[in-house]
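This briefing is for a reader new to the structure shown below.

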Amino acid sequence: MNKSQYQFFKLIKAPFKFNLFLLTKLPAAFFSGVRVRKIDEERCTTSVPYKWLTQNPFHSAYFASLAMAAEMSTGTLALSNIYKSPAKVSMLLTAMQATYFKKAISRTYFTCNKGKEITKIIEESIRTGEGKSIVAKSIGKNEKGELIAEFLFTWSFKMKNVSK
């Protein structure tokens, strides 16, 4: 783990600072209650509660609420690699695929364990100067450990053009 990644993890684990970040940059996630539960170099687990703001008319969590939590589990791992990086890297979500298996009627936890692969692809993009992509899977389970949904997010990384 490099110094900037360590600083990023420390920031994410500070509830006040991370909630302030969510409120200012991702207000829908903040008000929906999406939170990072665990994060390290290999994996990130997020959660989204089942409550009034996240429900649909069918008495389960709205698909977009689930997608926000799932995306955060993958995107946070990517952000940890470009946070305060001397190399300016842009990241863009280019595709998403979701499969739902069971109604989400309680808190749902999403885990992505592609941290090391994400790190490698970002390092490769920095080294070569070429855009690189990776598909990161996030698996959602309820509090009983039952499979709720699987999401596949395609993230693209590319060095930013820095003109003086």
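Buried means under 20% relative accessible area, exposed means over 50%, and partly exposed lies in between (1.4 Å probe, protein chains only). The model is predicted: local features need pLDDT of at least 70, side-chain atom pairs count only at pLDDT 80 or more, and totals for chains, interfaces and linings use all residues. Residues are numbered from 1 along each chain as its sequence is written, and side-chain values use heavy atoms, with hydrogens and water left out.

**Asn81**
- Asn81 has a relative accessible area of 11% and is therefore buried.
- Asn81 belongs to helix 4 (residues 63-82); helices (H or I, at least four residues) and strands (E, at least two) are DSSP runs, numbered from the N terminus.
- The side chains of Asn81 and Thr119 form a polar contact of 2.9 Å. Such a contact is a pair of N or O atoms within 3.5 Å; within protein, one must be able to donate a hydrogen and the other to accept it, and residues adjacent in sequence count only if both atoms are side-chain atoms.
- Apart from neighbours within four places in sequence, Asn81 is in contact (heavy atoms within 4.5 Å) with Gln5, Ile118, Thr119 and Ile122.

**Strand pairing**
- Strand 4 (residues 108-112) runs antiparallel to strand 5, joined by four bridges; strands pair if DSSP finds at least two bridges between them.
- Thr111 is opposite Ile139 of strand 5.
- Strand 5 also pairs with strand 6 (residues 147-159), antiparallel over 10 bridges.
- Lys141 has Leu147 of strand 6 as its bridge partner.
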